[in-house]
Amino acid sequence: MKTIIADYKHSRARDIWFVIAIVTSVLAVGLTVVSVLFEQSDTFVLATGFILLLSATVSGVMNLFRSRAVSARIAANKLALQLHEKALEEHTIVSITGHDGKVIEVNQNFCETFGYAVHEMIGQTPCILYPEDTNKTVHEEMLRTIRDGNVWTGPQRLRSKAGKSVTVQTSIFPKADEYGTIREFVTIQTDLSDALAESAKSGRHSVIEALPDGVFIYDPESFAISYGNETFRKRVGWATDVWQPISVTTLFSEDELKLFRRYLMPLIHGEATRTVFEFQHDSGPVEVVTHLVEDVDGKRNLVSVVRDIEERKKAEQLKLSSVSTVSHELRTPLTSIKGALRLLESGVMGQLSPDVTKLVGVAHRNSERLLAIVNDILTLEELHFGEMAIKTKDVDLRDILNEAAEANATYAAECNVSFVVDTTLEPAFVHADPDRLMQVMSNLMSNAAKFSPSGSGVNLRILDHASSWRVCVEDKGPGIPESAREKLFDSFIQAETMHEKAIPSTGLGLTICREIIRRHGGRIAFDTEVGQGSTFYFELEKSAEIKRSADLSAVA
């Protein structure tokens with residue numbers, strides 16, 4: 001650039017001296033001609049010669065300045081071209097490939113954007129930048145266009161050496177030699193990742209800013225919150241017009257945070273697409289529904305929706321209170337009826353005919369079932385109102401599984417299935433109420449047996465999940481339809497099924513299981529596949545005493 005400017009200044013000085021020389025020469029010639037003409041005393045010839053001389057001088061000077069302007073434009077264009085090339089080199093990603101499709105040159109921006117050194121790219125094909133899910137149709141159209149000698153322009157999603165997604169706007173220019181044969185392809189790209197990410201965030205935020213539910217976005221590793229909408233900021237007491245960076249860990253108590261982390265683990269590890277967590281906030285009961293999303297730049301974020309469920313809880317309690325009142329009145333007469341039917345069936349009141357014995361047996365079984373439903377309703381009432389006592393101690397889950405399999409063996413036989421216990425070799429201690437865990441196991445096992453095919457087995461197993469134990473009840477039943485996932489653990493809900501062994505019930509068993517596990521600081525969930533079966537499981541934190549003993553043994 002400096003050379004062009006210097007050449008331009010030098011040529012300008014040379015032109016000025018040239019103009020001075022021409023003018024001096026013209027004046028000298030003019031004076032000579034005038035003196036000769038005056039001697040001849042021809043006035044007309046004198047005037048004509050002087051006019052022609054003046055016109056020639058003016059025309060020469062004008063042509064000189066016109067050529068000077070053309071030279072200036074050429075110099076300016078040359079300067080602009082160099083500046084343009086420099087700008088492309090500094091602000092865009094440039095790579096050059098040969099006619100064989102292999103890279104022969106890349107600039108520094110290319111290396112910084114994609115993480116490859118120059119020597120790592122030379123001799124390679126640009127295909128190493130394309131992710132596996134690249135649209136083959138678009139790629140083939142691009143190759144066809146540039147091989148025909150035309151320029152191709154369009155957006156591309158590429159992949160860096162580290163696996164990061166990079167979105168670029170690409171222009172590929174075929175470069176031909178003097179004979180018209182394409183020798184090289186010059187690719188110029190602009191990184192759009194930051195702009196697209198910012199645009200996506202801006203659009204997403206504008207949509208969710210005014211939602212009635214609180215929404216916050218945070219990092220799955222550090223738990224640092226990157227965004228919270230107005231409803232969320234109001235709920236946590238932030239100024240609605242000021243953003244205050246904060247961590248999710250400040251929103252929960254220590255026990256709640258442990259449970260929240262446990263609920264998020266399946267989501268982070270790809271075992272679930274969403275998680276639901278309920279807890280008691282200062283403003284009332286809330287439900288936190290969380291999803292894992294990926295931005296255009298490949299960064300993963302957790303998005304949680306905080307929903308006020310106080311009205312829903314009140315409605316549930318009102319419904320439960322109404323049913324509980326009736327249940328309390330029914331339990332005493334049902335107990336008496338059940339006892340009387342048992343006496344009749346046992347023959348204490350005398351020998352009954354076979355037909356009467358059969359009828360009494362049916363009545364006895366139905367009274368037991370009805371009494372079990374009443375007891376479930378009253379149990380759920382105690383859990384909802386916090387009246388159920390949880391007496392915890394260190395319990396080995398292996399003993400719970402073996403005892404549950406033995407206690408429910410008769411029911412399994414009625415359903416023509418069997419319980420198969422597959423426990424760990426090492427102790428699996430948790431701090432829990434064994435009676436309540438047996439209640440949970442009985443509910444899960446009875447459901448599994450109820451919907452399993454005749455002659456199949458229901459597997460009971462314990463899995464080690466880092467800081468917690470997972471207890472699984474796995475069946476080979478019809479599975480659970482997607483439409484039932486959301487509300488399966490809610491009160492009085494039953495999943496629709498066409499299975500021949502389906503038995504009507506109140507749908508309270510899973511609700512009771514959920515409440516008992518929550519009271520233990522654990523989580524309960526299920527995996528299912530329609531036509532293949534379901535696995536219901538709950539997770540409880542490993543006993544602190546046992547963990548400390550294991551740590552001491554390891555140190556010793």
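This is a predicted model: local features need pLDDT of at least 70, side-chain atom pairs count only at pLDDT 80 or more; totals for chains, interfaces and linings use all residues.
Q: Where does V348 lie?
A: V348 belongs to the loop that runs between α9, which spans 310–346, and α10, which spans 354–384.

Q: And is V348 buried or exposed?
A: V348 has a relative accessible area of 59%, so V348 counts as exposed.

Q: Changing topic, how many aromatic pairs does the structure hold?
A: The structure holds nine aromatic pairs. One of them joins Y218 and F223, whose rings are 5.9 Å apart centre to centre with 75° between the planes, an edge-to-face arrangement.

Q: Are Y218 and F223 buried or exposed?
A: Both of these residues, Y218 and F223, are buried.

Q: What about the rings of F252 and F260, and why is that pair tilted?
A: The ring centres of F252 and F260 are 4.7 Å apart and their planes meet at 35°, so the pair is classed as tilted. A pair counts as stacked under 30 degrees and as edge-to-face over 60, with the rest counted as tilted.

Q: Why does F252 count as buried?
A: F252 counts as buried because its relative accessibility is 10%, and the cut-off for buried is under 20%.

Q: Going back to F223, which residues are in a cluster linked by ring pairs?
A: The cluster is made of F216, Y218, F223 and F232, which ring pairs link together. F223 has a further neighbour in R261, which lies over the face of the F223 ring at 4.6 Å from the ring centre.

Q: Which ring does the charged end of K542 sit over?
A: The charged end of K542 sits over the ring of W469, at 4.6 Å from the centre of that ring.

Q: On to cysteines: how many disulfides does a search of the whole structure find?
A: Searching the whole structure finds zero disulfides. As for individual cysteines, C111 is buried with a relative accessible area of 11%, and C472 is buried as well, with a relative accessible area of 5%.

Q: Last one, where is D295 placed?
A: D295 is placed in the loop between β10, which covers 284–294, and β11, which covers 300–308. Although D295 lies in a loop, D295 is buried, with a relative accessible area of 12%.

Q: What separates the C-alpha atoms of D295 and S165?
A: Those C-alpha atoms are separated by 9.6 Å, while D295 and S165 are 130 residues apart along the chain.

Methods
Residues are numbered from 1 along each chain as its sequence is written. Side-chain values use heavy atoms; hydrogens and water are left out. A disulfide is a pair of cysteine sulfur atoms within 2.5 Å. Buried means under 20% relative accessible area, exposed over 50%, partly exposed in between (1.4 Å probe, protein chains only). Helices (H or I, at least four residues) and strands (E, at least two) are DSSP runs, numbered from the N terminus. Rings of Phe, Tyr and Trp (its six-membered ring) pair if their centres lie within 6.5 Å; planes under 30 degrees apart count as stacked, over 60 as edge-to-face and the rest as tilted. A charge sits over a ring if NZ of Lys or CZ of Arg is within 6 Å of the ring centre and within 35 degrees of the ring normal.
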